[in-house]
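Q: Could you take a close look at the cavity in this structure for me, and explain carefully what surrounds it?

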Amino acid sequence: MPLKLAAAAVVLSGGAGGFEQFVAAEVRRYLYLLTGRWREIVSEVPPDRPAIVRRTGKGSPVPGDGVAPEQNFALAATGEGGRVQEVRGASPLATLWGAYTLIEHWGVGFYLGGDALPPVDPRREAAAVERAYRPAFAVRGNLPWFNFLNSPTTWNPQDYATFFGQMAKQKANFIGFHAFSNYCAPVL
C-alpha cells in the first residue's frame, strides 16, 4: 500500500532530544517541499492516517554487524497495510542518515551543489521501504583542496554551512581540508 505523503504525520515521542527533533523537522520539511502541505509533528501514531516514525537504538531490524555497527540503520513498514514507515538507527546520527535515505526513496537527490527536488505534487505517494543498511566503509567523506577558484578559500560562511549540510545528507562522516606545507625544495 503506497504511503500518501501529504497526509502523513511525523511522529516524535515526548522527551526526544535536540538531535531527534532535528530529524523529525527534516522529514517534515521534505514532506512540505514534495507535497506543498505542512504536516504537524505528533507524539503518537494517529490511528487513521499514514505516519513516519523515528526510532533510535540497536536491535531488529537494524543490523548489528558490519564495519561500524553504530552507523547501521533500517527502514521498515509496520502497522495495518504498512501505513507506518519507520526510520530506525543504531545511533542518533544513523537515524538521521536513515531519514535522508527514506527521503531519497521519495525522489529527492542530495548533491554537493544542493538538493534536486521533483515537482510539488499534493497527491504524491511513495512505496513503503523495507531495507537494512550497513555502510561499506566506517569513514566516508570529502577532501576539498584549496588551490582551485571554487575551493574553500573563496567560500563564505553560507557556503561552508551548505557544504556541511549536503555532506550529512550524503551520509558522510569525514571532511578533511587539504593543507599545503611551507616546505619548498631548493631550486638548483
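A: The following describes the cavity and its lining, and then turns to one residue elsewhere. The model is predicted, so local features need pLDDT of at least 70 and side-chain atom pairs count only at pLDDT 80 or more, while totals for chains, interfaces and linings use all residues. Residues are numbered from 1 along each chain as its sequence is written, and side-chain values use heavy atoms, with hydrogens and water left out.

Rolling a probe the size of a water molecule over the atoms shows where empty space is left. When the whole structure is searched, one cavity of 30 Å³ or more is found, a cavity being a set of points on a 1 Å grid over the protein atoms alone where a 1.4 Å probe fits but cannot get out. The largest cavity holds about 50 Å³ of space, counted as the space filled by probe spheres set on points that are joined across faces, edges and corners.

Its lining, meaning residues with an atom within 4 Å of a point, consists of Val 10, Val 11, Val 23, Ala 24, Val 27, Ile 52, Val 53, Arg 54, Val 87 and Ala 99. Strand S2 (9–11), helix H1 (18–35) and strand S4 (51–56) are the elements that each give two or more residues to this lining; helices (H or I, at least four residues) and strands (E, at least two) are DSSP runs, numbered from the N terminus.

Elsewhere, Leu 143 sits in the loop between strand S11 (141–142) and helix H3 (157–169). Leu 143 has a relative accessible area of 42%, so it is partly exposed, a term for values between buried (under 20%) and exposed (over 50%), with a 1.4 Å probe and protein chains only.

Methods: On a 1 Å grid over the protein atoms alone, a cavity is a set of points where a 1.4 Å probe fits but cannot get out, and a pocket is an open set with protein on both sides within 12 Å along at least five of seven lines; lining residues have an atom within 4 Å of a point.
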